[in-house]
Amino acid sequence: MTVVKPLARIKASRNSQIVTGSIKREMPGGEAMRTNFFMVDNRVFDFRLPPIALCIYFYLCKCMNREHGCYPSKKTIAESLAVSVSSVSKYIQALSNHGLIRIRHNFRDGRQTNNSYELVDLRVAPPCLTNG
């Protein structure tokens, strides 16, 4: 059995309820490997979201940037999660309706360029007790 032991160095940064960072692991044979991670507040499960909505929320957490939010296209999200673009649209709206994210429509020269997403602090978002 191969045992992967973490080295002492863990770097993390906190963005409201999300902690992101990387950990350096020592692999068999002395080789070192860096692994990225994110942690999410357990309260997200109080919202009783459908699995696709949770996956999209986690993907947005993975993409989060401390200064500028996150702005993956719906197509990128769909391809990464192996779901349809229409499902991504539906569940992004559901996340917004539940108060978990804020959607900002970005424009340049009078045309919409993309959306950016801000994750709402789960300590202030009231849990919705219905799927949706």
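This note goes through the predicted model point by point, from the overall fold to single residues.

1. Overall layout. The protein has three helices and five strands, and from the N terminus on these elements follow the order β-β-β-α-α-α-β-β. Of its 132 residues, 32% count as buried. Among the contacts with a separation of 6 or more, 41% are accounted for by residues 24 or more positions apart.

2. The hairpin of β4 and β5. Strand β4, residues 101-108, and strand β5, residues 111-119, run antiparallel and are joined by eight bridges. Within this pairing, Ile103 stands opposite Tyr117 of β5. Two residues lie between the strands of the hairpin, where Asp109 takes a positive phi near 55°.

3. The nonpolar core. The largest nonpolar core comprises 24 residues, and those with the most contacts inside it are Leu49, Ile56, Tyr57, Leu60, Leu95 and Ile101. At least two residues of this core are supplied by each of α1 (51-63), α2 (74-81), α3 (85-97) and β5, and the largest share, seven residues, comes from α1.

4. Packing of α1 against α3. Two packed helices are described by the angle between their axes and the distance between the axes. Here the axes of α1 and α3 come within 9 Å and cross at roughly 80°; since angles of 65 to 115 degrees count as roughly perpendicular, the two helices α1 and α3 are therefore roughly perpendicular to each other. On the α1 side the contact is made by Ile52, Ala53, Ile56 and Tyr57, which meet Ser87, Val88, Tyr91, Ile92 and Leu95 of α3. The residues of this contact of α1 with α3 divide into eight nonpolar, one polar and no charged.

5. Ile56. This residue of helix α1 has a relative accessible area of 0% and is therefore buried, the cut-off for that class being under 20%. Not counting residues up to four places away in sequence, Ile56 touches Ile77, Leu81, Ser87, Val88, Tyr91, Ile92 and Leu95. The C-alpha atoms of Ile56 and Ile77 are separated by 7.2 Å, although the two residues are 21 residues apart along the chain.

6. Leu60. Also placed in helix α1, Leu60 counts as buried because its relative accessibility is 0%. Leaving aside its neighbours within four places in sequence, Leu60 is in contact with Cys70, Pro72, Ile77, Ile101, Tyr117 and Leu119. Its C-alpha atom is separated by 8.5 Å from that of Ile77, a residue 17 residues apart from Leu60 along the chain.

7. Positive phi in two loops. Two further backbone angles deserve a look when the model is inspected. Arg48, in the loop between β3 (32-39) and α1, has a phi near 50°, a positive value in a residue other than glycine; with a relative accessibility of 47%, Arg48 counts as partly exposed. Ala82, in the loop between α2 and α3, has a phi near 60°, again a positive value in a residue other than glycine, and Ala82 is exposed, with a relative accessible area of 71%.

Conventions: Residues are numbered from 1 along each chain as its sequence is written. This is a predicted model: local features need pLDDT of at least 70, side-chain atom pairs count only at pLDDT 80 or more; totals for chains, interfaces and linings use all residues. Side-chain values use heavy atoms; hydrogens and water are left out. Two strands pair if DSSP finds at least two bridges between them. Helices (H or I, at least four residues) and strands (E, at least two) are DSSP runs, numbered from the N terminus. A nonpolar core is a set of buried Ala, Val, Leu, Ile, Met, Phe, Trp, Tyr and Cys residues joined through side-chain atoms within 4.5 Å. Buried means under 20% relative accessible area, exposed over 50%, partly exposed in between (1.4 Å probe, protein chains only). Contact means heavy atoms within 4.5 Å. Axes are lines fitted to C-alpha atoms, for helices over the stretch in contact, and angles run from 0 to 180 degrees between N-to-C directions. Angles under 35 degrees count as roughly parallel, over 145 as roughly antiparallel, 65 to 115 as roughly perpendicular and the rest as oblique. Ala, Val, Leu, Ile, Met, Phe, Trp, Tyr, Cys and Pro count as nonpolar, Asp, Glu, Lys and Arg as charged, and the others, Gly among them, as polar.
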